[in-house]
Amino acid sequence: MELANIEKLIEKYENAETSLQEEQELKDYFQQTDVPGHLLEYQAMFNYFDESNAERFTKSIPLKTKKTYWKWLSVAAAIAIMFSIYTYNANTINDLEKKEAEFAYQETQKALQMVSKNLNKGSSVAIAGLREFEKTQNKIFITNK
Amino acid sequence: MNQAEFVNTVLPLKDKVFRLAKRLLISIDEAEDATQDLFLKLWKNKNKLSEYRSVEAFAMTMTKNYCLDQLKAKRSNNLSLVHSNYKDNNLSLERSIELKDCVSRVHQLMTDLPEKQKIIMQLRDIENFEFEEIGKILDLQPTAVRVALSRARKTIREQLIKQQNYGIS
């Protein structure tokens, strides 16, 4: 770019009337080494700006994910609670069933025992009847002989 | 805003935040601490960030306020702000020694500027923000930004010439 143009831009720059694009043009111009003596200050300024812009933040930035930890913790807690409720319910159901089954078993046994008792009673009665019948039969046969 | 969005949109601002912090706090260590602190704050508020139109402008405003608070706290502690641990990054070898000398002097002159002018010059000449954006960050009219910037640029140049002349005589 010709010097006259640069000087015009410089004047605008001093009055803060340049656009970003024009300032970039100035920066580019002052990258070269042979700059007229009266513009040396500007070269120093623009070089300094360039230099400063190249500076980088080198440390690490720790991003704590505390929040998500809490979220996962609550999920885990919910699962644990649901699981414990489930196993508790399952256990109580098993106990109840066991008790019911035992009760039914005992009832059945009682009923069967009753039946067998009565059956025994009945059979002894029947045998006694049978003996009585035999007795009378013998009597009849003996008297008839 | 989730973690991926944060990493893509907010994290790249770390250099700009660091440079502005360093401009105001001068010490590299303090600027690094400030940057880490500021990003922790941004991270904590990441859900609110999408409400802002420009996250960049918001981050710069936060940086400015944070650093000015730091400075205020330090001044009330009667500690003087003398740091000289800035590095004079090497320019290309062909540049004259005189120019190198001049460039490092620009740093000192910029450090001596009033805070407002310092911030404006940092945002415009180094970070290439538009006047409207700078106005938003500093809560100023764009014309006021221009006036302050013009003053800063002229001051730096005049001081450079002055020092140059002293050097000769």
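Modeller: Let's start inside chain B: across the interface of domain 1 and domain 2 of chain B, the rule finds 2 residue pairs in polar contact, both at pLDDT 80 or more. A polar contact is a pair of N or O atoms within 3.5 Å; within protein, one must be able to donate a hydrogen and the other to accept it, and residues adjacent in sequence count only if both atoms are side-chain atoms. This is a predicted model, where local features need pLDDT of at least 70 and side-chain atom pairs count only at pLDDT 80 or more, while totals for chains, interfaces and linings use all residues. Residues are numbered from 1 along each chain as written, chains are lettered from A in the order written, and side-chain values use heavy atoms, without hydrogens and water.

Colleague: What makes Glu127(B) and Arg19(B) a salt bridge?
Modeller: The closest N and O atoms are 2.7 Å apart, and the rule asks for a side-chain nitrogen of Lys or Arg within 4 Å of a carboxyl oxygen of Asp or Glu, so the pair qualifies.

Colleague: And why is Arg157(B) with Glu41(A) called a salt bridge?
Modeller: Their closest N and O atoms are 3.9 Å apart, within the cut-off, so this pair counts too. The rule finds 6 salt bridges across the interface of chain A and chain B.

Colleague: How many residues make the contact between the chains?
Modeller: Chain A gives 38 residues and chain B 48, contact meaning heavy atoms within 4.5 Å.
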